[in-house]
Amino acid sequence: MTAPFVTMTGMSKSFVGVKVLKDVDFDVRPGEVHALLGENGAGKSTLIKMLSGLYTPDAGTITVNGEAMKFSSTRDATAAGIATVYQELLLFPELTVAENVFLGHYPRTAGGWIDWAEVRARTRDLLDQLDTFDLDVDTKVLALSVAQRQRVEIAKALSKNAKILIMDEPTASLVEADVQRLMQVVRQLRERGVGIVYVSHRMPEIFALADRVTVLRDGAHVGTRAIGEVDERELVSMMVGRPIDSLFPKTEAAIGETVLEVRNLNHGRHVRDISFSLRRGEILGIAGLVGSGRTELALTLFGMTPATSGEIVMEGRPVRITSPRQARDLGIAYVPEDRGLQGLVKPMAIRKNVSMATIERVSSGIFIKPAAEARRAVDAVKRLSIRCRDIGQPVGELSGGNQQKVVIAKWLETSPKVLILDEPTRGVDVGAKAEIHTIMGELVKQGVAVIMISSELPEVLGMSDRVLVMSGGAITGEIDRADATPERVGAAMTAHRVQANGTGEAA
Amino acid sequence: MAMSVDLPPTRPASAARRPGFLSRLFAEYGQEIVVLAAIVVLFIVVTMVNPRFISANNLTTIFAGNAYIAVAAIGMSMVIVTGNIDVSVGALIGVLATISGTLAVAGYPVWVAWFFPVLVGMAIMGVQGVLVAYARIPSIVVTLGAMSILRGGLISVTGGTWISGLPSEFLLAQQRWFGVPSPIVMMVVLTVLAFLWMRYSAFGRSLYAVGGNPEAALATGIPIERRIVAVFVIHGAFAGLATILFATQLQVIQSTVPPNLELTVITASVIGGVSILGGSGTVIGSTLATILFAAIGSALIFVNVSAYWLRAVIGLLILATVLADMMRRRGKA
């Protein structure tokens, strides 16, 4: 067995007094794919940022080829042969492929000018090594697809003679065909002796690619295993720290009469001919790949992008929803996918965020009653176990999970009949995730109807009474809890080609 | 509570309470307190050097002579809180003052000469608000355009002449109410009312939400377009009220735009703690900052330093304030 190229020992890091990484060991050998697993907030990104020189560790040592290193910038890490392909690709759209690949280390002519012929030739060569013959080195990056840009990023890393390549969720925004192609590229790199740190949530990829896997949880190292020694169930329980059946505390709620009915709803390309119904006390899960139209459907129901045709029937009455204000007044609440963007006013106090949708309930005449407002905020903080200094604390200072609970609290103040949760546990730590699931269970017991959009299949299967699967803007499956298996839901998620042939012509 | 059963026991209990009075005071009004302290220190130091600084005559000059800036800064603060800006307010006050003086000289009742310009200010700002909110043109662009139109139009129409022969009952700013110069009364009353309204009304609160995160405000059901138009109209009203004080302080009105007035007004808001990025600040701060500049300008004369230094000092204050704001925000991110 080859010796590791990079070894990290006893890595620790704190941010504003919170330990996000505790004494973690990690190493990468040449020519292996080492998968790094863990839930959001487990410390994966902190660890890889230390390896790429973005963060300096509070404690711990990094050795490269047996030599102790101190990375004080990404430059140091690059010089040591470690390169990163970031999740949000860091390319300059207005520059060409070749200009991007060699940006910062352009080859020079004898006279000190940039040797453009050399830049283009070497870029061509690097792309050919990645089997990317179809990409012109003189194209501007802005004209490329996500998958193509990713290959430019990889070429850029190779241009710096990277021995270790860190790939942070490389398949998160790729369609299936591109995922297969990327995996092929990863295998090629491995054969050339490059060591790859592969961060991903997707189990099938990990089992198809990885040689070893390391699991982090709450900032601590849980274990490192050869891939042949573990199965999926064991990995998941290592990630969450308990057996997986207790992961989703599904409570039984009485399912009542229909509260929302949607018929043939349309908006643009992403909401096509959607029909479904929703009953009190029910959790309706919506599964689908990124871009399948899940969020667009939610935005249409909530009046952000009003429907262009179709019917919405709320408690038996047909309604037209053209603004979020109107949706709110009808009893529809929407906890958005990106809480920082659409959910919260971060510099504002918890108290003011909680009352934002219901300001008239804590006012008399035109004036707000501060005591009533504070009472409701204190109550919400207690009920949802929001961990904070006090209700005057700006929500921007809270952790992801507690921020999410503030958004939920804001909408619970409206006493919603239909609560739409879009990726409710994304970027939320393991503990808060379970709490949010518990809150959902409490709400359906009280007769609220919940629509939960999630990219996490186990969450959809674990929490939903019924699963709607979307693909290409249309519903491709409606599956009851009892019949909802990963295979059935997964099949419906990729069923868009069939659908596109059927409805694509008409649209 | 049923919900607590499944929650992990390792977590500490929540601090579900209201913050203490003092910590709230400093958290919410830090900048206002700093500006107030600066005024107090300035008065003490300059009076020790030259006791005439604190004479009634000089205080009247400082407070009454600059009250119109403070009043205009109230509306400006509201606009900036929503994440917008207005650089046309100086030109607007010039135009409104000319309208006001022309009406007064033409023999209209003084209350018409006073209040008709307020309506004109609301209308002009309303149009700009519509362009910002519905046409989605950035406010800096809309108001720059408006500034050129108003400034150019004013000089073209009047040729920069002076309006004289104003009836004495028109000169509101020279009156005393309850023994106090009227501009001071108006400045204080309008500041307090606007502060309470911003702080305690649902409408005022929504302005902070719109400036703090327009996307989230929209997704919470706040009609952000209507709020932006409304805030521009209100700003126009305060510009009109500022005009009353500005136009009635002397026997003549110069039919040009006071140089740099819009910058002085914006500066008052910013130094008073209104974040240039929107979402925070109060009108108490902008009024205190106006008083601070006026006092600095006067103090320079009393300690025999060239008044040209005033601009430089204010420039330093702006940079220091914005830097402090950025650092506060970075700390919270």
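How many residues does helix α13 of chain A have, and how far does it reach from its first C-alpha to its last? Select residues 370-383 of chain A in this predicted model: the helix has 14 residues and reaches 20 Å between those two C-alpha atoms, close to the 20 Å expected at 1.5 Å a residue.

Next, within α13(A), colour Glu373(A), Ala374(A), Ala377(A), Val378(A), Ala380(A) and Val381(A), which are the buried residues of this helix. If you turn the view to look down the axis of α13(A), these buried residues fall within an arc of 160°, so they line one face of the helix. An α-helix has 3.6 residues a turn, so residues three or four places apart point the same way.

Along the principal axes, the C-alpha atoms of chain B fill a box of roughly 80 × 55 × 35 Å. The radius of gyration of chain B is 22 Å, which agrees with the value near 20 Å that a compact globule of 333 residues would have. If you colour chain B by burial, 47% of its 333 residues count as buried. Finally, consider the contacts in chain B between residues at least 6 apart in sequence, of which 79% join residues at least 24 apart.

Key
Residues are numbered from 1 along each chain as its sequence is written. Chains are lettered from A and ligands numbered from 1 in the order in which they are written. This is a predicted model: local features need pLDDT of at least 70, side-chain atom pairs count only at pLDDT 80 or more; totals for chains, interfaces and linings use all residues. Helices (H or I, at least four residues) and strands (E, at least two) are DSSP runs, numbered from the N terminus. The expected span of a helix is 1.5 Å times one less than its number of residues. A residue is buried if 20 or more other C-beta atoms lie within 10 Å of its own, exposed if 12 or fewer, and partly exposed in between; C-beta atoms are placed from the backbone. The arc is that of the directions from the helix axis to the C-beta atoms. The radius of gyration is taken over C-alpha atoms; the globule rule is 2.2 Å times the number of residues to the power 0.38. Two residues are in contact if their C-beta atoms, placed from the backbone, lie within 7 Å.
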